[in-house]
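These are my notebook entries on one structure.

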Amino acid sequence: MFVDNDVKLGFSDVLIRPKRSNLKSRSQVDLVRTFKFLHSKREWTGVPVISANMDTTGTFEVAEVLAKHAMLTAVHKHYSPVQWDEFLEGKDEVIYSHIMVSTGSSEADFEKLTTIMKNHPKLHFICIDVANGYAESFVEFVRRVRDSFEDKTIIAGNVVTGEMVEELLLAGADVVKVGIGPGSVCTTRVKAGVGYPQLSAVIECADAAHGLGGRIISDGGCTCPGDIAKAFGGGADFVMLGGMLAGHDESGGQIVERNGQQFKLFYGMSSTTAMDKHSGGVASYRASEGKTVEVPYRGPIEETVRDILGGVRSACTYVGAASLKELTKRTTFIRVQEQENRIFG
């Protein structure tokens, strides 16, 4: 047993200190970034915000809207190859370069991934997604996918420590997904007692990844555009969102009505709801590590996207960053005990 006494920080523990700026307007801020990936050698240009690969947010409908804003969608793994064929029929290069094909690490997952990628060779990204990225078998699966798809950009996760980021990059990942337990419908920290405050995880994992030429995604924990700005300020190359993109027309989830108000169901992919839907229920040897909530129905996702991007632009102007790439270099975090005045909720 070992106790690490260093303070670890979440997004609610800090604010970004403002600095002098010569920017006259938020409209001057460029949120587009260009990355060249470590193993695939592919170059990608776009706004590095990703809709999470949950079946309530990683939908084809969300992908079509986000692609118009040069943003990414990690499409959930429960679409069949036939559904992929139908979706991609007649689609242009913009869609192909702004969606990720998600997969688990089972043999059936690999076979389905192979079919989808064979049918659609113009797809750029593969997202290998498991709850616990520390398993040796997961590392071997990443190697297998790299060997099979040498020119594809591979995302792998989730982990929260620098040494595991390095191992996944050396195994063939181009981008590592960082986050265990910070999501709004994840209960891993409660059920398993395992996790890591998200901002510290991002800072430490970004340092490890960038030293090897890799990239990271901050996955989970963002409740508002300010948190997204903090993730980028902490060194994240991409930020993945779940709850912030739930509850819209394009999002998955059943609509329910309570007292005349409409809601949409939003649930973690390790929740009882998700496992009943996709796996025939919760296996006898495990516990559910997600919850199901009702998110107020929010209409089209377009307005939420504009609010998110506007908030990040605003953060950049407060610290004098003319581009998103500059934000981390101009970020100084200050420890706080309060975030906002909530007297009016």
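My search of the whole structure returned 1 cavity of 30 Å³ or more. On a 1 Å grid over the protein atoms alone, a cavity is a set of points where a 1.4 Å probe fits but cannot get out; a pocket is an open set with protein on both sides within 12 Å along at least five of seven lines, and lining residues have an atom within 4 Å of a point. Grid points are joined across faces, edges and corners, and a volume is the space filled by probe spheres set on the points.

I listed the lining of the largest cavity, which includes His76, Trp84, Asp109 and Lys112. Helix α4 gives the largest share of this lining, 4 residues; both β6 (99-103) and α4 (107-119) supply at least two. Helices (H or I, at least four residues) and strands (E, at least two) are DSSP runs, numbered from the N terminus. I counted 5 nonpolar, 4 polar and 3 charged lining residues, with Ala, Val, Leu, Ile, Met, Phe, Trp, Tyr, Cys and Pro as nonpolar, Asp, Glu, Lys and Arg as charged, and the others, Gly among them, as polar.

Of its 13 lining residues, Thr223, Cys224, Asp227, Lys230 and Gln339 lie nearest the centre. Helix α9 (residues 225-233) contributes the most, 3 residues. The lining comprises 3 nonpolar, 7 polar and 3 charged residues.

I traced a closed barrel of 8 strands, β4-β5-β6-β7-β8-β9-β10-β11, with parallel pairing (two strands pair if DSSP finds at least two bridges between them). β4 and β5 pair over 2 bridges, and Ile50 stands opposite Leu72 in β5. Helix α9 lies across β4, β10 and β11 (238-241), at about 150 degrees to β11; axes are lines fitted to C-alpha atoms, for helices over the stretch in contact (heavy atoms within 4.5 Å), and angles run from 0 to 180 degrees between N-to-C directions.

I found Phe60, Val62, Ala63, Val65, Leu66 and Ala67 buried in α1 (residues 60-68), that is, under 20% relative accessible area with a 1.4 Å probe, protein chains only. Just after α1, Ala70 takes a positive phi of about 65 degrees.

Residues are numbered from 1 along each chain as its sequence is written, and side-chain values use heavy atoms, with hydrogens and water left out. In this predicted model local features need pLDDT of at least 70 and side-chain atom pairs count only at pLDDT 80 or more, while totals for chains, interfaces and linings use all residues.

Note on methods
Buried < 20%, exposed > 50% of the residue type's maximum accessible area, 1.4 Å probe, protein only.
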